[in-house]
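I opened this entry to keep a record of what I looked up, one point after another. The sequence and the structure come first, and my notes follow.

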Amino acid sequence: MVVDQVTIPGLGDAPPVASTSEASARAFGEENRARLLDRYFSSAEAVSPKNAWRHVYRLLLWIDRTTGLAHCYESDKCQPGRPWYARSLAFHVWTAEALAVAPGELDKHIDYLFRHATADLAHVAARNRARLLDTVSGQRRPYEGMALPEPGEDPELESIITEALDPFLAQRPSAPALRSLAERVYAHVGLENKRKNLVGEGFEDTVSALLTRIPAIANTHTIRVRPLLHHVPGFRKPRANSKPRQVDLALVNEATGRRTLVSCKWSVRSDREEQFVSDFRDYAELEEAGEDFDYVLITNEFDPARLAAACEVRRQNSPLFSAVVHVNPAGPHAAYTAPVPARGRGVGRALGHMESGRLVGLDSWLTGVADR
């Protein structure tokens, strides 16, 4: 297959892109995320433990388009009329106030990584679209005059659009304009489906970027993102027939040798609760230095029962996690104590862990790492 050379702005010459999926993988991939993080931090306020959470939200928090509010919980449970809609309103207002922006302008101050990755992808898609025009024209030429549907044509969607806008339009949009609009709608929906992948590794990259930009941590620790476990000092390779284990983030204090294995999970699905225990069991089995290591969870989960469970899960006679870290516990606290407050055992347990210090903020954890 002959393909054009496609370049994502700022990345230099990229390998040829033969498909939209390849372009998407590159725009949302590790190399481009690193470039976007460097660009963001080059003009952002200097990182400190106190403001680290603000950087996380500016980079990764997004607006749920079905509610128009900052995403804090599962979309279907946050729809108007449901209990989490009131909590989403409270969180949205709290976030805007904490970031010192108007609630109606919050979308312009968050979601940096996704917005810029999609802009890069749009650039690549435009290049690919131009390349395809001649090919498509040649393929359709034998069927000219047969009124075959055009690529991207969706009569039902176009009808919905024109019926909704008809009272406001001086004239009906042209067929090419409607096709173009339909394509943009589908592209928008498709890109939203890619957010999960960017948030997953993007959260790990963001926490790593914060750690490396706090001198008291960067100057005393080796920081590795997504390393194989046996590349962390004191851990051995698994048996020959076993799959190598990977850790989201690993910190090693160069002076003391203290090791911290970090699980970065933007949200904590119920199936992950068992995975945490299984992961720790594997880490402990592969530890050969005979020394303790810290096992830390960093999350932005808002479900109170899941947060409480993470704080309470145990291994033998000790808590599983050395620390359970929320990007900023004040966010869930604002949601739980909304004018229509959350109820249930989970809420009381989660609030109790915040008050006791079992559930800490990113600022407290980073300060502790810097002081060790």
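Is Leu 148 buried, exposed or partly exposed? I am working with a predicted model, and in it I find Leu 148 partly exposed, because its relative accessible area of 39% falls between the limits of 20% and 50%. I then located Leu 148 in the loop that lies between helix H5 (112–140) and helix H6 (155–165). On the surface, Leu 148 belongs to a nonpolar patch together with Tyr 143 and Met 146, and the three have about 310 Å² of accessible area together.

Next I turned to strand E5 (residues 259–265), where I noted that seven of the seven residues are buried, so the strand is largely enclosed by the rest of the structure. In a regular strand the side chains alternate between the two faces of the sheet. I checked E5 for this and recorded that Arg 259, Leu 261, Ser 263 and Lys 265 point one way, while Thr 260, Val 262 and Cys 264 point the other way, all of them buried.

I then looked up the neighbours of E5. Strand E4 (residues 249–253) runs antiparallel to E5 and is joined to it by four bridges, and Leu 261 in E5 is the bridge partner of Ala 250. The two strands form a hairpin with five residues between them, and in the turn I noted Gly 257 with a positive phi of about 80°.

Strand E6 (residues 294–299) is parallel to E5, with six bridges joining the two, and Leu 297 in E6 is the bridge partner of Ser 263.

Methods: Residues numbered from 1 in each chain as written. Predicted model: local features only at pLDDT ≥ 70, side-chain atom pairs only at ≥ 80, totals over all residues. Heavy atoms only, no water. Patch = residues over 30% accessible without salt bridge, like charges linked within 9 Å, V, L, I, M, F, W, Y side chains within 5 Å. Areas by Shrake-Rupley, 256 points an atom, 1.4 Å probe, with all protein chains shown as cover. Salt bridge = Lys/Arg side-chain N within 4 Å of Asp/Glu carboxyl O. Buried < 20%, exposed > 50% of the residue type's maximum accessible area, 1.4 Å probe, protein only. Pairing = 2+ DSSP bridges.
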